[in-house]
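Please open the model in your viewer and keep a selection tool at hand. The tour begins at a single residue and then widens to the whole chain.

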Amino acid sequence: MNDSVLTPERILAAAEDVLRRYGPGKATVVDVAQALGVSHGSVYRHFASKAALRDAVLRGWLERMMAPLRTIAASRAAPPARLRLWLATLREIKRDKALGEPELFATYGALAADAREVIGEHVEHLREQLASIVAAGVASGDFRKVDARATALAIFDATSRFHYPGMAHLWGTPGEDAAFAQLVDLLLAGLAPTTAPPRRRKSAG
């Protein structure tokens, strides 16, 4: 390939392919350069280091994988239904990757272990989406008045069993669907507006 047509997008596509073939422990910038037919120096002109290239690959993978969540968070569906669908979709995305493509999931998990900044950004984006749904529910009266940010953090942490990669060994076990549905029901019940109990009439005499 001519260096003049080498772009970050082409490099990232090649890097993803190399990582899938060799794994993160063996894949090198030289491997990526050879796959593109260029010198490794040409790759470094676009990415300053191997770590920068790996971070960019991981960031792109996470962005593609989580794109459906952005659509749900920005939708006009009623906030309770939106929150349920968002949580279910997050779980489904992670579970499908872990159980359906275990080698690829492990590859990106290894990249994530060395990319705290990228993972931090990823988690923050997810929490922001949750907070926007909670805020919409408070504004519409579907949820009681709560701090949207703090509540989003609590929901994210409470549901971590169903989306945190470290818990992937549980995702294929019996009862997971029921446990997830029960937890979401409980969270939505906790967000429901509170109603004051009816006042008792004073007895005469």
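Select Ala152 first: with 0% relative accessibility, this residue counts as buried, where buried means under 20% relative accessible area, exposed over 50% and partly exposed in between, with a 1.4 Å probe and protein chains only. Before going further, note that this is a predicted model, in which local features need pLDDT of at least 70 and side-chain atom pairs count only at pLDDT 80 or more, while totals for chains, interfaces and linings use all residues. Residues are numbered from 1 along each chain as its sequence is written, and side-chain values use heavy atoms, with hydrogens and water left out.

Now extend the selection to residues 148-158, which form helix 8, the element that holds Ala152; helices (H or I, at least four residues) and strands (E, at least two) are DSSP runs, numbered from the N terminus. Which residues is Ala152 in contact with, once its neighbours within four places in sequence are left aside? They are Arg127, Leu130 and Ala131, contact meaning heavy atoms within 4.5 Å.

Next, select residues 5-65, where UniProt, in an unreviewed entry, places the feature "domain: HTH tetR-type"; UniProt positions are given in the numbering used here, feature names are shortened, and annotations may be inferred rather than shown by experiment. The span is 72% helix and 0% strand, and its end C-alpha atoms lie 28 Å apart. Then select residues 28-47, which the unreviewed UniProt entry labels "DNA-binding region"; here the end C-alpha atoms are 13 Å apart, and the span is 65% helix and 0% strand.

Finally, show the whole protein chain, whose secondary structure comes to nine helices and zero strands. Its C-alpha trace spans about 95 × 35 × 25 Å along the principal axes. The radius of gyration is 23 Å, whereas a compact globule of 205 residues would have a value near 17 Å; the radius is taken over C-alpha atoms, and the globule rule is 2.2 Å times the number of residues to the power 0.38. Buried residues, Ala152 being one of them, make up 37% of the 205 residues. Of the contacts between residues at least 6 apart in sequence, 67% join residues at least 24 apart.
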